[in-house]
Amino acid sequence: MKRRFRPPRLLLSLCLLAGLALSCAACAEEPPPVVSVLGPWTGDEERSFETVLDQFEKKYGIAYDYQGTTSLRETLLAQVEAGSPPDIAVLNSLGELTEYAHQGVLVPLPENVRERSPEPWAPELTVNGRKNAYWTPVKVDLKSVVWHYPGSSPRKGEWCAGVGSGATSGWPGSDWIEDILLQKWGPDVYELWATGELSWNSDEVRTSWETWGRLMAPGGDRSQADAALGNDFNGNDGKGLLKRSGDGCRREHQGSFVRRLYDEDITYVPTARAVAGLGNDRGAYEVAGDMAALFDDTSGARALITFLTGDEARATWAQAVPESNRPFFPVSVGSYGETWANRAVHDTLTGAKRLCADASDVMPPGVRGAFYRAVLEFLADPGDEKLLKGLLAQLEDERLRHAELGTPRVPSVCAAPTGGTGTP
């Protein structure tokens, strides 16, 4: 009988060690994990955001691949349908995120991120019988304000307006209508409308459109409405719509991000103080935000979304841009800068009684797109009652269509501020 060969123990040990060394060498040669991020920032905004991502990579040794696009919805939808979504996407459409969550595309937030994701930016959803938070705000903005230069009255003069914004043209007008409805009718009515519970044919919605129409075409003069249709929201030269002197417009309804377009300090008042008939003491303001959501449950993605909502990332981001363009965050992490506009926005956000998420951002994407298109059509003749009636009927049909389809809705829109909002 032949004996099976058994190598000496020393030889066996050497072979095992050699194999382990080769295995470790192979591991060392493997590329580090890469977290893919899709977001709305391009140009200067992309470079400042990548400063934050660079800091993350330096700290954790996890590489990133950022793609910035102005066609965010279309790009993300194509990637999801192809089965290759990014690890993290940053977008402002709560309605779109809600649909992704109910489709099982999103991953619930890590508990430590969930705890610092305040409403109204990050309402909890009940999906398959379980309540979770599925996105977190990484940057926020105040919208219920009218900007003007010191020495000029916010209640006098022509309006600076521009509704152009590429594929999403119309949103500056929807912001106007949303803000008017919020200020005139209050948070409860606003929430019913934003979540699809109030008809577009209601008196509250109709009068809000009519109020905006009178502002854009006072006395039937459509020159401001025509200018709005011809202007990009940040000015056709990219330097802002608000002019200091001359025959130009004197006041502008726009979000807090508009600060970046003006060299000199500009001042603002809440919308209710700039538009007659809207005065109230509710202390309610419309806000928006850029939300980060997990589309893949990897350790790198969880680490990055945790980092993006922390103090270090916010401080890095703030220092990467001029003070006039420092982002605001859902929780204050220190000094928010010395310019008057920064201080005033911070004080308004922290002193508000109610903050309400941008209504069109909350609506299902189909309703949101129809709203934007209706704004553009309405501006062609803001005083035409028949035109407005037809547009509202179309929007009501779209609302009912989504109700019949059972399109998931954002459960809440307005909330008291928590934690102190600010910018470092």
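Biologist: Leaving aside its neighbours within four places in sequence, what is Pro118 in contact with?
Modeller: In this predicted model, Pro118 is in contact with Pro137, Pro330 and Thr418 once those sequence neighbours are set aside.

Biologist: Nice. And where is the place of Pro118?
Modeller: Pro118 lies in the loop between α5 (111-114) and β4 (125-127).

Biologist: Is Pro118 buried or exposed?
Modeller: Pro118 counts as buried because its relative accessible area is 10%, and buried means under 20%.

Biologist: What separates the C-alpha atoms of Pro118 and Ala415?
Modeller: That separation is 8.9 Å, although Pro118 and Ala415 are 297 residues apart along the chain.

Biologist: Switching to α8, how many residues does that helix have?
Modeller: Helix α8 has 14, residues 203-216. From first C-alpha to last, α8 reaches 20 Å, close to the 20 Å expected.

Biologist: Which residues of α8 are buried?
Modeller: Among them are Val205, Trp209, Trp212, Leu215 and Met216.

Biologist: What do the buried residues of α8 pack against?
Modeller: Their partners are strand β8 (159-160) and the helices α6 (171-185), α7 (187-194), α9 (223-230), α15 (365-379) and α16 (385-405).

Biologist: Now confidence. What is the mean pLDDT of the protein chain?
Modeller: The chain's mean pLDDT is 87, with 86% of residues reaching 70 or more.

Terms used
Residues are numbered from 1 along each chain as its sequence is written. This is a predicted model: local features need pLDDT of at least 70, side-chain atom pairs count only at pLDDT 80 or more; totals for chains, interfaces and linings use all residues. Side-chain values use heavy atoms; hydrogens and water are left out. Helices (H or I, at least four residues) and strands (E, at least two) are DSSP runs, numbered from the N terminus. The expected span of a helix is 1.5 Å times one less than its number of residues. Buried means under 20% relative accessible area, exposed over 50%, partly exposed in between (1.4 Å probe, protein chains only). Contact means heavy atoms within 4.5 Å. pLDDT is the predictor's confidence in each residue, from 0 to 100.
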